[in-house]
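Please examine the sequence and the three-dimensional structure shown below.

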Amino acid sequence: MKKRSISFERIALYAFLTSLTALSIDAVLPALRVIEADLHVEPPLSTQHIVSLFIFGMVFGELFLGPVSDAIGRKRALVLGLGLYMAGTLVAMFSTSVGMIVVGRILQGIGVAGPKIATRALIRDQFEGEAMARIMSFMFVLFILVPMLAPAMGQLVLAFAGWRAIFVVYLILSMLLCVWLLARQPETLPPQSRIRFHPATLLQNTARILGNRRVTLLIVATGFVFGAHLQYLSTAADIFFDVYGVSTMFPVYFAAFAAGIGLASIVNAQVVRRFGMQAMCEGAFLGLVTLGLGLLLLSLFHAGRPPFAVFMAMGFAIFFCIGILFGNLNAMAMHSLGQLAGLGASLIASGSSLVAVVFAVGFGAFYNLTTVPLAAGFLATGIVGFVLVRLAAGASREPVLPVKRTM
């Protein structure tokens, strides 16, 4: 029997575990140019890769740690992921080249998949449908404080202790989360419901999940949304610094965009039961189409530099749409997974992350000191995403049953 309520402490723990991903991306953004100057970054690597290849590491971590959480339990998988994350943090902390930082960041990305994937599966063990969407939205209310505050924290640490100290903060926080998890979170996947970690079983169950047309369509749709967000994260410092001449106020303006996602999470938690996840997603994608097209036209009209106030207002609205999509798309994709929640969450996250990296690197390569590529990315996401969720609406919603399990 699925639960209908949950304690605030439990929501907070889930939110902080999940937010480790955003913190790992956003806190380092103000330091990218300092790292570039300190380590003499040269092609083919750039400081954009410090962000994008972190997500690339997540692809592999998500493929591995999801099935592991189905086999050994959610809690052990979370601890394993946090351990890998700490190891990657140490590599990046003591790096003497950008190549070493990238290696550390990839390892961080592999490890952070544990908190990201196992937490989703843990929630799926306890909730389903609209109740799960509401829990995820409440999580995002706390979760959104991280991207709002992380760049300011990173800039503060950078000013007083240098860029390496940012990785010291990552290490301390991951250790604290590990202790909190071990002390306060019970296991949610009983031994009789676990699925044997065996290559043949894994391939069969993977084929069953990806054979579900609805899940596959929603994975790609989620990837486009994540890709548009990642494109912005990879180029945010350059856009604010190069296009608008913003430096010290960067964390404030970055937080304003993040506040759009936070507001969307609050709104979604209140209205998703009334309108349903499908309608919320369709409306948000249509909003992205309208706003992305508007920003693209303004960017072209103003030689790639629309008025700053207009850029901020439209950006806030765009990220409001993205905030609506994040929680609902994940909940819709997870809905049919049942006892395959761990592997399913792994495939959803790794598949969407892979789509996101390709999207962000592709559109990011066109960055030309203007907002045009960013606007084009939002427009493309809106159009493709809307088509995909409409196609998913007509696909089967039957639960995906595992091929084999341990007793």
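What span should the 20 residues of helix 4 (residues 74-93) have at 1.5 Å a residue? The span should be 28 Å, and because the end C-alpha atoms of helix 4 are 28 Å apart, the two values agree. The expected span of a helix is defined as 1.5 Å times one less than its number of residues. Helices (H or I, at least four residues) and strands (E, at least two) are taken as DSSP runs, numbered from the N terminus.

The model is a predicted one, in which local features need pLDDT of at least 70, side-chain atom pairs count only at pLDDT 80 or more, and totals for chains, interfaces and linings use all residues. Residues are numbered from 1 along each chain as its sequence is written, and side-chain values use heavy atoms, with hydrogens and water left out.

The chain as a whole contains 15 helices and zero strands. Of its 407 residues, 58% are buried. A residue is called buried under 20% relative accessible area, exposed over 50%, and partly exposed in between (1.4 Å probe, protein chains only). The chain exposes about 15,600 Å², of which carbon and sulfur atoms supply 71%; such areas come from the Shrake-Rupley method with a 1.4 Å probe, and for residues only the protein chains shown count as cover. Among contacts (heavy atoms within 4.5 Å) between residues at least 6 apart in sequence, 86% join residues at least 24 apart.

Helix 4 has several buried residues, among them Arg74, Leu78, Tyr85 and Met93. Helix 8 (residues 164-184) has 21 residues and reaches 31 Å from its first C-alpha to its last, close to the 30 Å expected. Its buried residues include Ala165, Phe167, Tyr170 and Cys178. Leu173 is also found in helix 8, but it counts as partly exposed because its relative accessibility is 31%. The C-alpha atoms of Leu173 and Leu17 are separated by 9.8 Å, although these residues are 156 apart along the chain.

Aromatic rings provide the next topic. Rings of Phe, Tyr and Trp (its six-membered ring) pair if their centres lie within 6.5 Å; planes under 30 degrees apart count as stacked, over 60 as edge-to-face, and the rest as tilted. By this rule there are 22 aromatic pairs. One of them joins Trp163 and Phe167 in an edge-to-face arrangement, with 6.2 Å centre to centre and 85 degrees between the planes. Trp163 is buried because its relative accessible area is 5%, and Phe167 is buried at 0%. The pair of Phe250 and Phe254 is tilted, because their planes stand at 55 degrees, with ring centres 5.6 Å apart. These two residues are four apart in helix 11 (residues 250-275), so about one helical turn separates them. Phe250 is buried at a relative accessible area of 0%, and Phe254 is buried at 3%. Ring pairs also link both into a cluster whose members include Tyr232, Phe257, Phe311 and Phe378.

Helix 13 (residues 308-334) has 27 residues and reaches 39 Å from its first C-alpha to its last, close to the 39 Å expected. This helix is mostly covered, with 20 of its 27 residues buried. Asn328 is found in helix 13 and is buried, because its relative accessible area is 0%. The side chain of Asn328 makes a polar contact with the side chain of Asn268 at 2.7 Å. A polar contact is a pair of N or O atoms within 3.5 Å; within protein, one must be able to donate a hydrogen and the other to accept it, and residues adjacent in sequence count only if both atoms are side-chain atoms.

Most residues other than glycine have a negative phi. Ala303, in the loop between helix 12 (277-301) and helix 13, has a positive phi near 55 degrees. Ala303 is exposed, because its relative accessible area is 68%. Leu369, in the loop between helix 14 (341-364) and helix 15 (372-393), has a positive phi of about 65 degrees.
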